[in-house]
Amino acid sequence: MTSFVWERDPEEAYNNPYEYEAQNQFIREASFLLSKYYDYISSNSRRYHRDDTSKEKAIWMLHIDALDALRDCLELINAKKHRLACRLFRDVIETLDLAAYFNSDTERSNNSLNRWYNNEIIPHKKYRDFIRKTIGDTAADELTENYKSFSKFTHRSYRALAKSYVLGAEDCLVYDGHDNSDLLVLPHTISSYYAILANLIKLFSIEVVKCGTILKEINEKYWDESLEEKTVPRRFVPHLPRKET
């Protein structure tokens, strides 16, 4: 990885938000990579018939949908429209997991695939149950916790909403969209969301190879072409908030 944002922990990014040059490098690299993915995956347009009910068609549709969500996330975060971007985070996870579930090609996943083509919703729990049976409790529990974390954005938990406010006089809340301006948007939130997006793009990169949507060598080629030669160095020493005594 070139821009250190690709390996950044979202909490650390929130606490050290002023690495603007590194974020700009990440934006350039992510934009190029996502455009390469889009050109490749969208080239399969007109390949599948309307009445085709194969898992290959389903996976292709799900992957291009997840890719569009990632591209939208990048555009929205760049525009400081973080409230819309964060609602797409869980959407990306759910879409990739559903594709992975269909790709497992088990009796249960094939039954779910048939129901999906009949316009039924396949709950994420189906995939979590599949992981519990095939990989184990630890992996399934981790998946559940991650899903719950992203669900807080979708269901607008207090802390998710609080990221849209700054503190004014006497610690009173001021909405960061006050007066229809983005001047009050906290750089902490934007920095954290870039780190989350980086993790989701890497997850997408892994899943499209696992499912055969993109060949491994082509995926590696795209990464090589997207990452810049020199890493923009940190401007500030990372720090965490002081612990209260």
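Residues are numbered from 1 along each chain as its sequence is written, and side-chain values use heavy atoms, without hydrogens and water. Because the model is predicted, local features need pLDDT of at least 70 and side-chain atom pairs count only at pLDDT 80 or more, while totals for chains, interfaces and linings use all residues.

**Pockets**

A pocket is an open set of points, on a 1 Å grid over the protein atoms alone, where a 1.4 Å probe fits, with protein on both sides within 12 Å along at least five of seven lines; lining residues have an atom within 4 Å of a point. A volume is the space filled by probe spheres set on the points.

The largest pocket has a volume of about 570 Å³. It is lined by 18 residues, and those closest to its centre are E11, F153, K163, S192 and I196. Helices here are DSSP runs (H or I, at least four residues), numbered from the N terminus. Helices α1 (10-15), α7 (137-154), α8 (158-162) and α9 (187-210) each give at least two residues to this lining; the largest share, five residues, comes from α7.

The second largest pocket holds about 480 Å³ of space. Of its 18 lining residues, D97, Y127, L143, N146 and L203 are the closest to its centre. At least two lining residues come from each of α4 (82-103), α6 (124-134), α7 and α9.

**Aromatic rings**

The structure holds 20 aromatic pairs. Rings of Phe, Tyr and Trp (its six-membered ring) pair if their centres lie within 6.5 Å, and planes over 60 degrees apart count as edge-to-face. Two edge-to-face pairs are listed below.

| Pair | Centre to centre | Angle between planes |
|---|---|---|
| Y18 and Y20 | 6.1 Å | 75 degrees |
| Y40 and Y222 | 6.3 Å | 75 degrees |

Y40 lies in helix α2 (residues 20-42) and Y222 in helix α10 (residues 216-226), so their pair ties together parts that are 182 residues apart in sequence. Y222 is buried, at 10% relative accessible area, whereas Y40 is partly exposed, at 24%. Buried means under 20% relative accessible area, exposed over 50%, and partly exposed in between, with a 1.4 Å probe and protein chains only. Y18 is partly exposed at 39%, and Y20 is partly exposed at 40%.

One aromatic cluster is formed by Y101, F102, W116, Y117, Y127 and F130.

**Charges over rings**

A charge sits over a ring if NZ of Lys or CZ of Arg is within 6 Å of the ring centre and within 35 degrees of the ring normal. The charged end of R128 sits over the ring of Y147, 5.1 Å from its centre. R234 has its charged end over the ring of F4, 4.3 Å from the ring centre.

Definitions and conventions:
Phe/Tyr/Trp six-rings, centres within 6.5 Å; stacked < 30°, edge-to-face > 60°.
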